[in-house]
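Have a look at the picture first, then read on.

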Amino acid sequence: MCGIIGYVGKESAAPILLDGLRRLEYRGYDSSGIAVMNGSNDIHVRKKSGRLDRLRELIKQNPAEGNCGVSHTRWATHGEPTDENAHPHSDQSGKLALVHNGVIENYQILKEQLEQKGHVFSSQTDSEVLAHLIGLHYDESSETDLKKRLTDAVRDSLAQVSGTYGIVAMHEEIPNFLVGARLGSPLVVGLGHDENFLASDVGAIVSHTSNAIYLNDRDLVYMTDGDFRIETMDGDLADYEVSTVDFTADEVEKGDYPHYMLKEIYEQPTSIQNAFRGRLLDDEGSALLGGLGLSPKDLRDIDRIVLCGCGTASHAAMVGEYMIEHLARIPTEVEIASEFRYRNPPVDKNTLVFVISQSGETIDTLAAMREGQRKGHRVLGIVNAVGSTIARESDGGSYLYSGPEIGVAATKSFTSQTTLLALLALLLGRMRHLSFQEGKRMLAEIRALPGKVEQILEQTDKIKEIALKYIDAPGMLFLGRQFNYPTALEGALKMKEISYIFANGHPSAELKHGIIALVSETLPSVFVMPTDSVYEKNVSNLEEVRARKGPVIAVTTEGNTELEKIADDVMYIPEVDECLSPILASIPLQLLSYHFAVARGCDVDKPRNLAKSVTVE
Ligand code: G6P
């Protein structure tokens with residue numbers, strides 16, 4: 001949620017900040033703003049509700065010059081997306097500028113205390129309260145070293161707040177100086193030559209530097225263009241490591257694609273390959289997941305698995321549940337992270353907990369991981385973003401290596417998560433009942449996935465035609481059984497996320513327990529029904545819909561022409577082992593929702609009300 005970038009250097013800050021905001025816009029797009037300090041130390045604030053173009057236009061009409069600045073793209077939590085509620089926020093003196101990502105939970109009490117001291121607020125945000133608090137500490141301090149005065153003011157203010165924050169602040173009495181801090185919301189330091197950066201994610205600064213420091217919770221950093229220091233909240237020097245960013249600026253660009261979502265759908269042959277590259281053990285008919293840090297005995301002792309995530313990651317977890325129980329016969333449960341963190345389910349010492357997250361920053365997933373760790377469990381991560389909080393704080397795990405995913409609707413991360421879970425299921429299976437021959441067969445199936453994905457992508461024109469045919473549909477049902485029940489959930493999530501029509505996923509057989517009441521001549525049902533062990537059962541459910549004149553779109557296995565006689569439209573996936581079929585079957589559904597949403601004029605990369613990385617509760 002909310003993107004932040006701060007710059008201090010020799011260049012003009014505004015273009016750098018605007019370019020950074022463009023790359024961060026997927027984090028929130030309710031409003032945006034910049035504050036820039038010029039040579040005579042005045043702070044110029046420009047902010048605007050709505051998309052970034054509106055801010056660009058404002059700055060074109062009223063430029064903001066200076067070599068040091070902070071900026072923000074907002075996903076509204078407290079207060080509507082108006083110009084006043086846009087960041088940066090100022091303090092009472094108007095000399096401080098602050099951008100904030102997170103939620104200050106006790107802002108109301110603090111606001112009342114500040115109002116009693118005569119502070120006047122111009123927004124409804126919790127962030128403005130923090131700006132005033134820092135400003136107050138600064139103004140009341142007798143410290144003559146102004147840099148120290150500002151860092152102390154930030155530290156003292158943060159000690160008074162409860163909630164989460166990633167912040168960057170600057171003060172017009174201190175040229176070329178930024179202060180940042182984090183708790184619960186990510187913040188990265190970018191180190192350049194004669195310039196330094198602070199950003200909520202590295203994607204915003206990767207075109208300037210690939211040297212990054214991922215701050216830890218309760219780190220405080222202050223920087224000039226040539227120097228920086230990272231401290232703990234107690235003022236001690238913090239531990240940190242300079243990392244090299246593992247992707248280039250080009251990878252966070254759309255290239256020739258009209259949307260990031262389409263680009264990412266088309267990247268799946270490669271991203272799936274990256275998920276299994278170097279992890280297939282032909283000699284053993286098994287998989288290698290060295291990052292888990294588990295000995296064969298540890299793996300053997302597991303008698304239960306919990307897979308935890310939110311949104312698309314929770315659907316991948318459900319596929320993982322079916323895979324692990326099928327291949328390894330280990331009881332596996334999926335926990336929605338936001339529930340797990342408060343539900344306090346029993347987890348014993350032989351239970352292995354995985355948290356699954358593309359961004360590695362989703363606050364509920366992070367909190368679930370910490371809750372598991374607090375209870376003494378080893379919690380492993382399945383994460384895409386290298387250096388993210390979950391990647392750093394988990395007790396081991398595996399990266400997806402999918403490259404940056406910018407489209408708000410997750411696509412390639414789902415197929416990579418499910419591929420990785422297939423490797424986990426195979427590894428655990430080979431330590432139990434799965435034979436060498438079966439293991440070898442699974443390896444061949446996994447290796448063949450990228451080629452099969454290519455074949456599905458060739459059908460995009462046909463899938464587009466199907467999408468256009470149903471363009472006026474008021475909603476859609478997504479139905480599947482067994483391995484493809486989670487695929488149906490994921491297909492429905494994609495559809496509702498980007499096209500705003502009502503769409504729900506259900507186990508096909510649940511139709512008759514209520515859902516069938518929705519079936520009508522105008523409501524299409526999408527059946528995910530490869531020719532697997534439950535194919536015939538799905539056919540019966542499909543017929544129940546047909547008998548009530550409901551239009552049917554089906555996803556099935558190539559060569560199954562029978563379905564063309566009973567479904568209105570058919571999309572095909574190549575023949576694949578049942579257990580891996582969600583990896584393929586999800587792709588026609590991604591294309592269907594993409595083309596449907598584009599045709600309806602929706603902004604598929606920035607769907608309304610959503611944000612890519614949900615770092616607030
Ligand atoms: C948000 C996004 C979803 C995503 C979910 C979990 O809700 O809109 O697309 O699946 O967060 O994100 P994560 O980064 O933890 O996988």
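How many of the nine residues of helix 7 (residues 268-276) are buried? Seven of them are, so helix 7 is largely enclosed by the rest of the structure. Buried here means under 20% relative accessible area, with over 50% called exposed and anything in between partly exposed, using a 1.4 Å probe and protein chains only. Helices (H or I, at least four residues) and strands (E, at least two) are DSSP runs, numbered from the N terminus.

A quick word on the ground rules: this is a predicted model, where local features need pLDDT of at least 70 and side-chain atom pairs count only at pLDDT 80 or more, while totals for chains, interfaces and linings use all residues. Residues are numbered from 1 along each chain as its sequence is written, and side-chain values use heavy atoms, with hydrogens and water left out.

Contact means heavy atoms within 4.5 Å. Just past helix 7, glycine 278 adopts a positive phi of about 75°.

Now for helix 5 (residues 146-160). (The expected span is 1.5 Å times one less than the number of residues.) Buried residues of helix 5 include Arg149, Leu150, Ala153 and Val154. The buried residues of helix 5 pack against several elements, among them strand 6, helix 4 and strand 7 (165-171). At the start of helix 5, a side-chain oxygen of aspartate 145 comes within 3.1 Å of the backbone nitrogen of lysine 147.

**The empty spaces**

Rolling a probe the size of a water molecule over the atoms shows where empty space is left. On a 1 Å grid over the protein atoms alone, a cavity is a set of points where a 1.4 Å probe fits but cannot get out, while a pocket is an open set with protein on both sides within 12 Å along at least five of seven lines; lining residues have an atom within 4 Å of a point. A volume is the space filled by probe spheres set on the points, which are joined across faces, edges and corners.

| Space | Volume |
|---|---|
| Largest pocket | about 640 Å³ |
| Second largest pocket | about 510 Å³ |
| Largest cavity | about 80 Å³ |
| Second largest cavity | about 40 Å³ |

Among the 39 residues lining the largest pocket, Phe247, Gln358, Ala385, Val386 and Pro404 lie nearest its centre. Helix 7 turns up again here: it gives the most to the lining of the largest pocket, with three residues. That lining divides into 14 nonpolar, 13 polar and 12 charged residues. (Ala, Val, Leu, Ile, Met, Phe, Trp, Tyr, Cys and Pro count as nonpolar, Asp, Glu, Lys and Arg as charged, and the others, Gly among them, as polar.)

The structure also holds two cavities of 30 Å³ or more. Of the 16 residues lining the largest cavity, Cys2, Trp75, Thr77, His87 and Gly102 are the closest to its centre. The second largest cavity is lined by Phe340, Pro345, Val347, Glu371, Gly372, Lys375 and His377.

Key
Polar contact = N/O pair within 3.5 Å; in protein donor to acceptor, adjacent residues only side chain to side chain.
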